[in-house]
Amino acid sequence: MTRLPLLALLALASLVGCNAQQPAPAAAQASSDSLRASSWCGVLSPDAYRVLREQGTEPRFSGEFWLHEEDGVYVCMGCGAHLFDSGAKFKSNSGWPSFYAPTAAEGVGEHLDLSHGMRRMEVVCNACGGHLGHVFEDGPPPTGLRYCINSVALDFVPRDSVQLVAPASRPVD
Ligand SMILES: [Zn+2]
């Protein structure tokens, strides 16, 4: 019977997912526009890590927010950036939270995604680079767009608590 040496197994384990211990990146190495993927280990849940950092997709009809109707804002689970307002949310029956527009155009980035044999526009958080979902051109007025976002990439802040997480760029009263 052939057995892999223990060290080889440990090396393999370190390459799988984000369960392995990673050294904290030195402050001088931190990128100004995105954090190294390894720095998210232990910060995000395994499901959120798979979506935000590994371009995964949660199963449809499975997420916390696809039927969520409370008034407030949806923020990035990775960095807390304001991304979508509940006022722009609509029922799409896609099984994922759907919005016709982001709160601010500069809040999200869009990149052509040709993976899985499809031609789609990927939507990412512009603040941390996290993968959020995709945008399609079959949404309702006024934009005709459908931002199809993974629940696990989002966190929800009720309207009466929004000022507590206001963007840094907002003027202070
Ligand atoms: Zn983010």
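## Close-up views of a predicted model

**View 1. Two facing residues on neighbouring strands.** His 111 sits opposite Glu 122 in S6. Strand S6 covers residues 120–125 and runs antiparallel to S5, with six bridges joining the two. Strands here are DSSP runs of E with at least two residues, helices are runs of H or I with at least four, and both are numbered from the N terminus. Two strands count as a pair if DSSP finds at least two bridges between them. Please keep in mind that this is a predicted model: local features need pLDDT of at least 70, side-chain atom pairs count only at pLDDT 80 or more, and totals for chains, interfaces and linings use all residues. Residues are numbered from 1 along each chain as its sequence is written.

**View 2. The open sheet.** Six strands line up in the order S3-S4-S8-S7-S6-S5, with antiparallel pairing. At the edges are strand S3 (89–90) and strand S5 (108–113), each pairing on one side only.

View 3. S6 and S7 are antiparallel partners over four bridges, and Val 124 stands opposite His 131 in S7. Which residue in the hairpin of S6 and S7 takes a positive phi? Gly 129 does, near 80 degrees, and the hairpin has five residues between its strands. On to the next pair: S7 and S8 also run antiparallel, joined by four bridges. Here Gly 133 has Ile 149 in S8 as its bridge partner.

**View 4. The largest nonpolar core.** A nonpolar core is a set of buried Ala, Val, Leu, Ile, Met, Phe, Trp, Tyr and Cys residues joined through C-beta atoms within 7 Å. A residue is buried if 20 or more other C-beta atoms lie within 10 Å of its own, exposed if 12 or fewer, and partly exposed in between, with C-beta atoms placed from the backbone. The largest core has 29 residues, of which Leu 83, Ile 149, Ala 153 and Leu 154 touch the most other members. Elements giving two or more residues to this core include H2, strand S2 (82–85) and strand S8 (146–149). In soluble globular proteins, nonpolar side chains tend to be buried together.

**View 5. Around Leu 154.** Two residues are in contact if their C-beta atoms, placed from the backbone, lie within 7 Å. Leaving out residues up to four places away in sequence, Leu 154 touches Phe 65, Tyr 74, Val 75, Met 77, Leu 83, Pro 97 and Ile 149.

**View 6. Phe 61 and Ser 94 in their loops.** Phe 61 lies in the loop between helix H2 (46–52) and strand S1 (72–76), while Ser 94 is in the loop between S3 and strand S4 (98–99). They are 33 residues apart in sequence, yet 7.7 Å apart in space, C-alpha to C-alpha. Is Phe 61 buried or exposed? Phe 61 counts as exposed because it has 11 C-beta neighbours inside 10 Å. Ser 94 has 15 other C-beta atoms within 10 Å, so it is partly exposed. Beyond four places in sequence, Phe 61 is in contact with Trp 66 and Gly 95, and Ser 94 touches Arg 60 and Cys 148.

**View 7. Where confidence falls.** The predictor's confidence in each residue is its pLDDT, from 0 to 100. The chain averages 82, but pLDDT stays under 50 over residues 6–16 and over residues 20–34.
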